[in-house]
Amino acid sequence: MANFVERLTAPEKNNPYYYQDNVFYESGYGLPNCTCYAWGRWYELLKEKPNLCLGNASDWYYYTEDGYKRENTPSLGDIICFINTQDSTIGHVAVVEKIYSDGSILTSNSDL
């Protein structure tokens, strides 16, 4: 993403990307919630409403109707999807904020 600025702190309550203009917040699934956070973070990065999945985190990777590319190697600003191998209905999404020289990453996310 061009002009990428990492987020390493929680968004303020007056940040519209995560609160009043966030579809998850508007429907009662606001912060703390990983989907609300990731949707808001992409909104913040893109400066326009993203076309991301509006379902559970476990559905995000498989929701190809959004038109976004899926990769196995993370890039800055990517949404990383985690799915529980024991129960595929449980997932988590986060945003890649840093990639270190050893290949490890730092993500930002909400814990629920």
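**View A. Leu76 is partly exposed, with a relative accessible area of 35%.** Here buried means under 20% relative accessible area, partly exposed lies in between, and exposed is over 50% (1.4 Å probe, protein chains only). The model is predicted: local features need pLDDT of at least 70, side-chain atom pairs count only at pLDDT 80 or more, and totals for chains, interfaces and linings use all residues. Residues are numbered from 1 along each chain as its sequence is written, and side-chain values use heavy atoms, with hydrogens and water left out. Leu76 sits in the loop between α2 and β1; helices (H or I, at least four residues) and strands (E, at least two) are DSSP runs numbered from the N terminus. Lys47 is not a glycine, but its phi is positive, near 65°. With 57% relative accessibility, Lys47 counts as exposed.

**View B. The largest pocket has 19 lining residues.** A pocket is an open set of points on a 1 Å grid over the protein atoms alone where a 1.4 Å probe fits, with protein on both sides within 12 Å along at least five of seven lines; lining residues have an atom within 4 Å of a point. The space in this pocket comes to about 510 Å³, the volume being that filled by probe spheres set on points joined across faces, edges and corners. Nearest the centre of the largest pocket are Lys69, Arg70, Glu71, Asp78 and Ile79. Strand β1 (residues 79–83) supplies the largest share of the lining, three residues. Sorted by class, the lining consists of eleven nonpolar, five charged and three polar residues. In this sorting Asp, Glu, Lys and Arg are charged, Ala, Val, Leu, Ile, Met, Phe, Trp, Tyr, Cys and Pro are nonpolar, and the others, Gly among them, are polar.

**View C. The second largest pocket holds about 200 Å³ of space.** Its lining is made of 14 residues, and Thr9, Ala10, Pro11, Tyr37 and Asn109 lie nearest the centre. The classes in this lining are seven nonpolar, five polar and two charged residues. Ala10 belongs to the segment before α1 (23–26). The relative accessibility of Ala10 is 60%, which makes it exposed. The C-alpha atoms of Ala10 and Tyr37 lie 9.5 Å apart in space, while the two residues are 27 apart in sequence.

**View D. The largest nonpolar core has 20 residues.** Such a core is a set of buried Ala, Val, Leu, Ile, Met, Phe, Trp, Tyr and Cys residues joined through side-chain atoms within 4.5 Å. The members that touch the most others are Ala38, Trp39, Leu52, Trp60, Ile79, Val93 and Val95. Two or more residues come from each of α2 (34–46) and β2 (91–99). With eight residues, α2 gives the most to this core. Outside four places in sequence, Trp39 is in contact (heavy atoms within 4.5 Å) with residues including Tyr17, Phe24, Leu52, Leu54 and Trp60. Also among the contacts of Trp39 are Asp21, Asn22, Lys49 and Cys53.

**View E. The structure holds zero disulfides.** A disulfide is a pair of cysteine sulfur atoms within 2.5 Å. For Cys34, the nearest cysteine sulfur belongs to Cys81 and is 9.3 Å away. Cys34 is buried, at 5% relative accessible area. The sulfur of Cys81 has its closest cysteine sulfur in Cys53, at 9.0 Å, which is too far for a bond. Cys81 counts as partly exposed, at 26% relative accessibility.

View F. Gln20 is partly exposed, at 40% relative accessibility, whereas Asn15 is buried, at 12%. Gln20 and Gly30, ten residues apart in sequence, have C-alpha atoms 9.6 Å apart.

**View G. The peptide bond from Leu31 to Pro32 is cis.** Its omega is near 0°. Pro32 lies in the loop between α1 and α2.
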